[in-house]
Amino acid sequence: MVAINFSERFAGPVERGEKRQTIRRSRKCAPGDALQLYTGQRTKACRKLMDAVCRDVTYVGLTARGVTLGDKSKFPSDIDDFARADGFADYAEMWKWFSERYETNSFTGYVIRW
């Protein structure tokens, strides 16, 4: 079983089923793996959001100019739709969040979907 922690900002959308993917630096799981989704891990406020099953894991590269995906066929072609699936209003907001959080001008990782 793989545990994935979410900041409080994303906890509600995960619980409501609005956010059914996450982007991480490392490949934490593989399709078919059981997932436990949490918020506040390693704190007294820790709570489980839900159990899920990993549907797929795909390479992703993010820059200010756009998204590179390992398998484009599984995702919307519009980058704003891609960002909304991850809990952001649009790609500009998503890129701002990733570039500031990771202090980078390019981010590489994996999209994990459940």
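Modeller: Gladly! Let's start with accessibility: buried means under 20% relative accessible area, exposed means over 50%, and partly exposed lies in between, using a 1.4 Å probe and protein chains only. This is a predicted model, so local features need pLDDT of at least 70, side-chain atom pairs count only at pLDDT 80 or more, and totals for chains, interfaces and linings use all residues. Residues are numbered from 1 along each chain as its sequence is written, and side-chain values use heavy atoms, leaving out hydrogens and water.

Biologist: Is Arg 42 buried or exposed?

Modeller: Arg 42 is exposed, at a relative accessible area of 83%. Its phi is positive, about 65°, although Arg 42 is not a glycine.

Biologist: Where is Arg 42 found?

Modeller: Helices (H or I, at least four residues) and strands (E, at least two) are DSSP runs, numbered from the N terminus. Arg 42 sits in the loop between strand 3 (34-39) and strand 4 (47-53).

Biologist: What is the phi of Glu 103?

Modeller: Glu 103, also not a glycine, has a positive phi near 45°. Glu 103 lies in the loop between helix 3 (91-101) and strand 7 (106-113), and counts as exposed at 72% relative accessibility.

Biologist: How many bridges join strand 5 to strand 7?

Modeller: Two strands pair if DSSP finds at least two bridges between them. Strand 5 (residues 56-63) runs antiparallel to strand 7, with eight bridges; Thr 63 has Ser 106 of strand 7 as its bridge partner.

Biologist: And which residue stands opposite Thr 22?

Modeller: That is Ile 112 in strand 7. Strand 2 (residues 21-24) pairs with strand 7 in the antiparallel sense, over four bridges.
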